[in-house]
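Here are my notes on this one, for you to read beside the model. I have kept them to a few numbered points.

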Amino acid sequence: IRTGATRSIYVCNVPEGASEAALTAVFSPYGELESVRMVPKKRAAFANYTSVASAIQARERLHGRARPAPFAEAAAAEAAAAGARR
């Protein structure tokens, strides 16, 4: 395990309409989650795993990739709502 690795992953650019359930759906395939916390004002979240190895696996699989489906759906709804407000 890498030096300095933790069980927590910081997630940025979380769509406004994303839910904790969507975040859980994105990150749970990589290991058992201890908790998921949303930080709506910062459009961010934290996914906390029960093991460092799971957190590393999730980061390696998801970092720099296209938005996972639950986030993409929330982002599309956010964009549609923004367009309707114009």
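1. Helix H2 (residues 52–62) lies across S1 and S3, and its direction is at about 30 degrees to S1. Axes are lines fitted to C-alpha atoms, for helices over the stretch in contact, with angles from 0 to 180 degrees between N-to-C directions. Contact means heavy atoms within 4.5 Å. Helices (H or I, at least four residues) and strands (E, at least two) are DSSP runs, numbered from the N terminus.

2. A word on the basis: this is a predicted model, where local features need pLDDT of at least 70, side-chain atom pairs count only at pLDDT 80 or more, and totals for chains, interfaces and linings use all residues. Residues are numbered from 1 along each chain as its sequence is written, and side-chain values use heavy atoms, leaving out hydrogens and water.

3. The sheet is open and antiparallel, with three strands in the order S1-S3-S2. S1 (8–11) and S2 (33–39) each have a single partner strand, so one side of each has no neighbour in the sheet. S1 pairs with S3 (residues 44–49) over four bridges; pairing requires at least two bridges found by DSSP. Val11 is opposite Ala45 in S3.

4. Helix H1 (residues 20–27) lies across S1, S2 and S3, at about 135 degrees to S2.

5. Do look at Ser54, in helix H2. Ser54 is buried at 11% relative accessibility (under 20% is buried, over 50% exposed, partly exposed in between; 1.4 Å probe, protein chains only). The Ser54 side chain reaches the backbone oxygen of Tyr30 at 3.4 Å. Beyond its neighbours within four places in sequence, Ser54 is in contact with Tyr30, Gly31, Glu32 and Tyr49.

Methods. Polar contact = N/O pair within 3.5 Å; in protein donor to acceptor, adjacent residues only side chain to side chain.
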